[in-house]
Amino acid sequence: MMNDTKQTITYHVQRYRPEQDDKPFTQSYQVPYSPEMSVLDGLKYIKDHLDGSLSFRWSCQMAICGSCGYMINNIPKIGCKTFLRDYFPHDVSVAALANFPIERDLVADISDFVEKLEEIKPYIIRESEGELVDGEYIQTPAQLARYKQYSMCINCGLCYAACPQYGLNNKFLGPAALTLLHRYNQDNRDQGKSHRYPMMNSEEGVWGCTFVGYCSEVCPKSVDPAAAINQSKTLSATDYVISKVLPADTYQQMKVSK
Amino acid sequence: MSEPALSGQSSKCPSSKRKPYTPEHSNTWWLKNPAYRFYMMREGSSVLVVYFSLLLLKGLFAVSQGEAAYNAWLGMLSQPLVIVLNIIALLAVMLHTSTWFKLAPKTMRIEIGNFVPSATFTTAVLWVKWFVITLLILGFAVLF
C-alpha cells in the first residue's frame with residue numbers, strides 16, 4: 001500500500017522506576033500507526049525501537065493468558081485486544097492496572113489477587129469419595145451450564161481494577177475470587193459449600209459487594225462476576241436463615257451431607 | 001552504576017530494589033469514570049425514592065384525617081417548588097426502577113424445567129408486569 005506520510009499515534013505511558021523515582025510520571029512517545037495494531041503492538045514498538053527500558057507484561061497476544069491488562073485511557077482493558085484504530089487520531093494513555101501497587105512502569109503487583117484466588121478453595125471438595133471402579137463423576141450438559149460461564153476467567157485482574165469496593169478496601173475478596181468460589185459451589189461434583197461459607201458470608205466476602213457491576217462490564221471473557229457474586233448472596237442469606245432456624249447439631253449434620 | 005538512595009531500599013531485603021508504589025486513594029474517585037458516576041447516581045436515586053414514599057405516606061395519612069387535611073396535602077403538592085422536586089423525583093424513580101429491573105434477573109438463576117430465561121428476557125417480563133399493574137391501578141383510579 002503506497003503511503004507517503006507515515007501516520008503516527010501519541011502514547012502517554014505511565015513510567016515508574018523504583019530505584020530512581022519516588023512516584024510515577026508520564027512519558028510520551030510517537031508510535032507509527034496502522035489500523036490493525038493493538039495497544040500492545042504499540043508498546044512493543046516503543047520497547048523495540050524507542051525506549052528499551054519500558055516494562056510491561058504480555059504473553060499470548062490473543063486475550064487468553066490474562067497478562068496484558070492495563071488502564072487504557074483510564075479504563076481497564078486487555079492490551080492485545082484493544083485496537084489503536086478505535087482511538088486514532090486521538091492520543092492513547094496507558095497506565096498500570098488500578099487498585100494494585102505499581103511494581104515498575106506498567107507492571108502491577110497482583111500478588112494480593114493471586115492469594116485471594118488460592119484462599120477460596122478453588123478445587124472440588126468431596127465429603128465422600130467415589131470408588132475408582134465406579135468410574136468418573138457424571139455431569140450432564142445442564143449441570144455444566146450452571147457454572148461454565150464462571151469457569152472462563154483468565155485471571156487478568158481487570159475486574160479488580162474496575163471494582164471501587166476493592167479500591168476502597170483491599171480486604172474485599174473481589175470479583176474474580178468470589179466468582180471462582182461460586183463456580184465451585186455450582187459444580188455438581190463438588191460437595192464443599194460448607195467449607196466456603198465462612199469466606200463467602202463475611203463482610204469481605206459477597207457482602208462487600210454493592211453490585212456496581214463495572215467488573216462485568218470490563219471482563220474480556222464475559223464471565224459476569226457481578227452476577228456470580230449476587231447469586232452467591234442468595235446462597236449466603238439462605239445459609240444464614242437456616243443456621244438460625246435449625247437446631248445447631250441438625251445444621252452441622254446438614255452441612256456435612258450437602 | 002551509582003548507588004540508589006537509601007530511602008528507596010526495602011528494609012525487609014536491603015539488596016532488593018523493589019519499592020511498589022501505592023497511589024493515594026482520592027475521595028472524588030467516583031467522579032473520574034462515567035461508570036462510577038452512573039453508579040453514584042443510581043445509588044443516590046434511592047434518597048429521592050424515600051422522599052417520594054414519605055410524601056405518599058403523608059397523603060395517605062391526610063386522607064384518613066378527612067377532606068380538609070387531604071385538600072391541604074393537595075395544595076402542598078401544587079406548590080411550584082414541590083412540583084419541580086417531584087419531577088426530579090419521578091426521574092430518579094424511573095432510573096431506580098430501570099436499573100433494578102436490569103440487575104434483579106442477574107441475582108438469580110431461573111430454571112423452569114429445561115427453559116433457562118436470559119437476563120434480558122427476565123427484564124422484559126418485569127417491564128411487562130410493571131406496565132400491566134400500572135394500567136390496572138390507573139384504570140382503578142379513573143373508574144372510581
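**Figure 1. Aromatic pairs in the predicted model.** Over all chains, the structure holds 13 aromatic pairs. A pair requires ring centres of Phe, Tyr or Trp (its six-membered ring) within 6.5 Å; planes under 30 degrees apart count as stacked, over 60 as edge-to-face and the rest as tilted. The model is predicted: local features need pLDDT of at least 70 and side-chain atom pairs pLDDT 80 or more, while totals for chains, interfaces and linings use all residues. Residues are numbered from 1 along each chain as its sequence is written, chains are lettered from A and ligands numbered from 1 in the order written, and side-chain values use heavy atoms, without hydrogens and water.

**Figure 2. The tilted pair A:F100 and A:Y166.** The centres are 5.7 Å apart, with 55 degrees between the planes. Because A:F100 lies in the loop between β5 (92-95) and β6 (102-104) of chain A and A:Y166 in helix α5 (residues 164-168) of chain A, the pair ties together parts 66 residues apart in sequence. Helices (H or I, at least four residues) and strands (E, at least two) are DSSP runs, numbered from the N terminus. A:F100 is buried, at 2% relative accessible area, and A:Y166 is buried, at 2%; buried means under 20%, exposed over 50%, partly exposed in between (1.4 Å probe, protein chains only). One aromatic cluster comprises A:F100, A:F113, A:Y160 and A:Y166.

**Figure 3. The edge-to-face pair B:F101 and B:W127.** Their centres lie 4.9 Å apart, with 80 degrees between the planes. B:F101 is buried at 11% relative accessibility, whereas B:W127 is partly exposed at 32%.
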